[in-house]
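Hi,

Here is the structure I promised to pass on to you. Have a look at it first, and then read my notes below.

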Amino acid sequence: MDTRVIKYFLTVAQVNNITKAAKQLHITQPTLSRQIMDLEKELGITLFDRTQRKMELTQAGVLFQRRATTLLQLIDQTKDELHKQNYNELSGTINFGCVFSSVSPFMMDLVDQFLQRHPAVQFNIFDGDGDFLRRQLDEAATELACLIEPVEAAKYNFLVLPKREQWGIILRTDDPLAQKESFTRDDLYKLPLVIPHRNIIRDEVSDILKLDQRKLNIRASNTQPSNTMELIRTGHYYGLGIKGVADVFQDPHITFVPFSPTTTTGHVLVWKKNRQLSTAAEHFLQFVADHCN
């Protein structure tokens with residue numbers, strides 16, 4: 001498969017118009033149309049819906065667009081690493097994902113230390129919840145990701161990090177319930193909740209607290225806490241979450257009250273099994289492991 005044709009495809013997918021894409025690529029429209037049709041023939045799928053005036057991606061086209069973007073990024077990174085291989089210093093780009101929690105400053109400190117030691121290395125840093133970052137790992141868009149436990153041990157290798165999170169309720173500081181020492185299962189049933197979107201995390205917390213999720217008054221769910229924190233600031237909602245989120249925001253109007261019984265979870269640095277890491281990523285993984293030990 002010619003990478004030049006893949007770039008043609010991505011351009012058409014971006015502008016949704018074969019004529020505009022041809023002008024942007026400085027080739028004729030018939031040539032571009034033929035290249036796209038040849039690509040579809042090679043793949044054995046239809047990438048674009050041509051029933052409308054615009055070139056809209058089919059469902060298969062959307063998937064191929066995501067994979068093609070990742071593929072070209074990996075090729076560019078590989079070329080860059082090969083070009084710099086003649087130098088004695090470590091170089092390359094590390095695609096690294098990290099959840100938003102108390103582990104964030106911990107990992108960013110390690111990234112900073114690593115960059116200071118290896119100035120020819122670069123990081124592409126992805127923020128997101130566990131579902132997004134695991135999808136990035138599965139699609140090879142990310143090499144390493146820092147996640148909240150649990151993770152699928154059958155799919156990923158992992159390194160346990162020395163950071164644990166306490167689960168509880170995030171709420172306004174001036175809320176009368178902020179004076180409580182802890183929240184129990186029965187307390188949660190009475191609250192309008194904002195909860196994490198990731199099912200595996202919700203299930204783990206529910207198992208520990210013996211929660212019946214059907215009795216919860218769930219008003220919203222979130223993948224990242226930034227926007228839903230505004231809901232909590234209204235005083236009308238309560239966030240089921242981790243202490244690290246409240247700590248990172250450092251908002252005097254927001255506080256954290258833990259669960260009773262105490263509910264904690266750990267962090268892990270994960271990478272996909274049976275997939276070779278780049279040289280730079282291998283060195284960073286070893287650097288983190290040495291620091292943890």
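What follows is a short tour of what was found.

Please keep in mind that this is a predicted model.

**A covered strand**

I would begin with strand β9, which spans residues 238–242. This strand is mostly covered, with five of its five residues buried. Both of its faces are shielded: Tyr238, Leu240 and Ile242 are buried on one side, and Gly239 and Gly241 are buried on the other.

Which strands pair with β9? One is β6 (residues 156–172), which runs antiparallel to β9 and is joined to it over four bridges. Here glycine 168 stands opposite glycine 241 of β9. Another is β7 (residues 192–196), which runs parallel to β9 and is linked to it by two bridges. In that pairing, leucine 193 has tyrosine 238 of β9 as its bridge partner.

**Helix α6 and what comes after it**

Next, take a look at α6 (130–138). Its buried residues are Gly130, Leu133, Arg134, Gln136 and Leu137. Because they cover an arc of only 155° around the axis, they lie on the same side of α6. What do these buried residues pack against? Their contacts are with β3 (92–98), β4 (121–127), β5, β6 and β11.

Just after α6, alanine 140 takes a positive phi of about 65°. This alanine lies in the loop that leads from α6 to β5.

**Some backbone exceptions**

Most residues other than glycine have a negative phi, and most peptide bonds are trans. With that in mind, a few places are worth a visit.

Alanine 140 has already come up, with its positive phi although it is not a glycine. Glutamine 250 also has a positive phi, about 50°, and is not a glycine either. You will find glutamine 250 in the loop between α10 (243–249) and β10. Are these two residues buried or exposed? Alanine 140 has a relative accessibility of 18%, so it counts as buried, the cut-off being under 20%. Glutamine 250 has a relative accessible area of 68% and is therefore exposed, as that takes over 50%.

There are cis peptide bonds to see as well. One runs from glutamate 149 to proline 150, with omega near 5°; proline 150 sits in the loop between β5 (144–148) and β6. Another joins serine 260 and proline 261, where omega is about 5°. Proline 261 belongs to the loop between β10 (254–258) and β11 (264–272).

**Aromatic rings**

How many aromatic pairs does the structure hold? There are nine. In one of them, the ring centres of phenylalanine 9 and phenylalanine 48 are 5.5 Å apart and the planes are at 55°, so this pair is tilted. The pair links distant parts of the chain, with phenylalanine 9 in helix α1 (residues 3–15) and phenylalanine 48 in strand β1 (residues 48–49), 39 residues apart. Both phenylalanine 9 and phenylalanine 48 are buried.

Phenylalanine 114 and phenylalanine 123 make an edge-to-face pair, because their planes are at 85°, with the ring centres 6.2 Å apart. Both phenylalanine 114 and phenylalanine 123 are buried too. They belong to one aromatic cluster formed by Phe96, Phe114, Phe123, Phe284 and Phe287.

Finally, look at lysine 180: its charged end sits over the ring of phenylalanine 183, 5.7 Å from the ring centre.

Terms used:
Residues numbered from 1 in each chain as written. Predicted model: local features only at pLDDT ≥ 70, side-chain atom pairs only at ≥ 80, totals over all residues. Heavy atoms only, no water. Buried < 20%, exposed > 50% of the residue type's maximum accessible area, 1.4 Å probe, protein only. Pairing = 2+ DSSP bridges. Arc of directions from axis to C-beta. Contact = heavy atoms within 4.5 Å. Phe/Tyr/Trp six-rings, centres within 6.5 Å; stacked < 30°, edge-to-face > 60°. Lys NZ or Arg CZ within 6 Å of the ring centre and 35° of its normal.
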